[in-house]
Amino acid sequence: MSSRRLCRWIKGGAVTAAAAHATCWVWESAKEWESEAEQANPDGGIGAGFIEGALATFAWLTLVPLLLWAGMRLLRERDNHLLVTMGSAAWIVLGTQVTKGDVSRVETELFLFAFTLLGGFLALYRPVPPEE
């Protein structure tokens, strides 16, 4: 593997790890906020904590693609379409495992590590411009 490809793989892995951990932290904080809202007004009916839960779900779905794109752009890497699209799809699959309540912290870190490796390999792809 050339040094350029190795550098891109490291950048992709680092950005993917940071995006996954940041999204997990935001999601866990928002879910705690939702739980606190539900406990603060237990007679609030069906809508207690709804907005907080919706914000948690919105953050869980949108932060990974945004952070993958922004992180790679900050590291001056272009053509990250595959990383952002497939990374987002993989996040939906792996992230659903992380968001289950019965997953331990070790299992969560293993899922995030697998996502990091996948992001590193997805970052290696660069489209070749067509020859004229």
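A residue counts as buried when its relative accessible area is under 20%. Keep that in mind as we walk through this predicted model, because Trp 91 and Phe 115 are both buried by this definition.

Helix 3 covers residues 81-98 and helix 4 covers residues 105-123; their axes come within 10 Å and cross at roughly 170 degrees. An angle over 145 degrees counts as roughly antiparallel, and helix 3 and helix 4 are therefore roughly antiparallel to each other.

Now look at where the two helices touch. From helix 3, the residues in contact include Leu 83, Met 86, Ala 90, Trp 91 and Leu 94, while helix 4 brings, among others, Phe 111, Leu 112, Phe 115 and Leu 118. Sorted by class, this contact has 13 nonpolar, four polar and no charged residues.

Next come the aromatic rings. A pair of aromatic rings is described by the distance of the centres and the angle of the planes. Searching the whole structure gives three aromatic pairs. In one of them, Trp 9 and Phe 121 sit 5.7 Å centre to centre with 50 degrees between the planes, a tilted arrangement. Trp 9 lies in helix 1 (residues 3-40) and Phe 121 in helix 4, so this pair ties together parts that are 112 residues apart in sequence. Trp 9 is partly exposed, with a relative accessible area of 26%.

The rings of Trp 91 and Phe 115 are also tilted, with centres 5.3 Å apart and planes at 55 degrees. This pair links helix 3 to helix 4 across 24 residues. Finally, find Trp 60: ring pairs link Trp 60, Trp 91 and Phe 115 into a cluster.

How values were computed. Residues numbered from 1 in each chain as written. Predicted model: local features only at pLDDT ≥ 70, side-chain atom pairs only at ≥ 80, totals over all residues. Heavy atoms only, no water. Axes fitted to C-alpha atoms, helices over the stretch in contact; angles between N-to-C directions. Helix = DSSP H or I, 4+ residues; strand = E, 2+ residues; numbered from the N terminus. Parallel < 35°, antiparallel > 145°, perpendicular 65-115°, else oblique. Contact = heavy atoms within 4.5 Å. Nonpolar A, V, L, I, M, F, W, Y, C, P; charged D, E, K, R; others polar. Phe/Tyr/Trp six-rings, centres within 6.5 Å; stacked < 30°, edge-to-face > 60°. Buried < 20%, exposed > 50% of the residue type's maximum accessible area, 1.4 Å probe, protein only.
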